[in-house]
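Dear colleague,

I am handing over the structure we talked about, and below it you will find what came out of going through it. Please read the notes with the coordinates open beside them.

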Amino acid sequence: MSKEKEVLLNEEIRADELRCIGDDGKVYGIIDSDEALGIANRLGLDLVLIAPDAKPPVAKIMDYGKFRYQQEKKQKEAKKKQKVIDVKEIKLSVKIAQNDINYKVKHALEFLEQGKHVKFRVFLKGREMSNPEIAVALLEKIWQSIEDKANRDKEPNFEGRYVNMLVMPRKG
């Protein structure tokens, strides 16, 4: 665990009085920290500070090793359920020929069928920067050929020397 998530255990707790809760939900009330530590030792468990900013601080008597194991297990489960979105990028030029557009669209449709998002980027060189609407027109032309298989996530927008458009596969 990282330093930020580290909690105070047993003798590390410096507070004089603690609001103490048992592992089974039993409330011991506000007791001296030495007394709470004695109860935890008698039960063979750890005294864990769970709310250090409260007045008085709140501590729980629990099996800290088991607690940490369960937390890590939950994190691994959450990580397994995450869906990673794969974005494929297709670069174009304003002066692209129609057969090249068809070829790029064919690849884009393959990526969309695989469930990947596709980002079209039109690079503007030199004087092309003064007319970005040409790139937007090109992206609109491409959109017309793939709109039956995709949803537009982002409209064509100007970013630096590029005009970008993001499309994602249509569900169902």
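**A charge over a ring, and the aromatic pairs**

The charged end of Arg121 is placed over the ring of Tyr162, at 3.7 Å from the ring centre. Please keep in mind throughout that this is a predicted model.

The structure contains two aromatic pairs. One of them is formed by Tyr64 and Phe67, which are tilted towards each other with 6.2 Å centre to centre and 35 degrees between the planes. These two residues are three apart in helix α2 (residues 64-81), so about one helical turn separates them. Tyr64 is buried, at a relative accessible area of 12%, whereas Phe67, at 32%, is partly exposed. In the pair of Phe123 and Tyr162, the ring centres lie 5.2 Å apart and the planes stand at 55 degrees, so this pair is tilted. It links distant parts of the chain, with Phe123 in strand β6 (residues 117-123) and Tyr162 in strand β8 (residues 162-169), 39 residues apart. Phe123 is partly exposed, with a relative accessible area of 29%, and Tyr162 is partly exposed as well, with 21%, a value that falls in the partly exposed class because buried means under 20%.

**The sheet and the helix on it**

The pairing of β7 with β8 is antiparallel and extends over seven bridges; within β8, Leu166 is the bridge partner of Lys154.

In soluble globular proteins, nonpolar side chains tend to be buried together. Here the largest nonpolar core has 23 residues, of which Leu92, Val118, Phe120, Val122 and Val167 touch the most other members. Two or more residues of this core come from each of β5 (87-93), α3 (98-113), β6, α4 (133-146) and β8, and α4 gives the largest share, namely six residues. Val118, when residues up to four places away in sequence are not counted, touches Lys88, Ile90, Ala108, Phe111, Leu112, Met165, Leu166 and Val167. Another core lies apart from the largest one and consists of twelve residues, among them Leu18, Ile31, Leu49 and Ile61.

**Ile21 and its surroundings**

Ile21 belongs to strand β1 (residues 17-21) and counts as partly exposed, since its relative accessibility is 25%. Although 40 residues separate Ile21 from Ile61 in sequence, their C-alpha atoms are 6.3 Å apart in space. If the neighbours within four places in sequence are left aside, the contacts of Ile21 are Lys26, Tyr28, Val58, Ala59, Lys60 and Ile61.

With kind regards

Notes. Residues are numbered from 1 along each chain as its sequence is written. This is a predicted model: local features need pLDDT of at least 70, side-chain atom pairs count only at pLDDT 80 or more; totals for chains, interfaces and linings use all residues. Side-chain values use heavy atoms; hydrogens and water are left out. Helices (H or I, at least four residues) and strands (E, at least two) are DSSP runs, numbered from the N terminus. Buried means under 20% relative accessible area, exposed over 50%, partly exposed in between (1.4 Å probe, protein chains only). Contact means heavy atoms within 4.5 Å. Rings of Phe, Tyr and Trp (its six-membered ring) pair if their centres lie within 6.5 Å; planes under 30 degrees apart count as stacked, over 60 as edge-to-face and the rest as tilted. A charge sits over a ring if NZ of Lys or CZ of Arg is within 6 Å of the ring centre and within 35 degrees of the ring normal. A nonpolar core is a set of buried Ala, Val, Leu, Ile, Met, Phe, Trp, Tyr and Cys residues joined through side-chain atoms within 4.5 Å. Two strands pair if DSSP finds at least two bridges between them.
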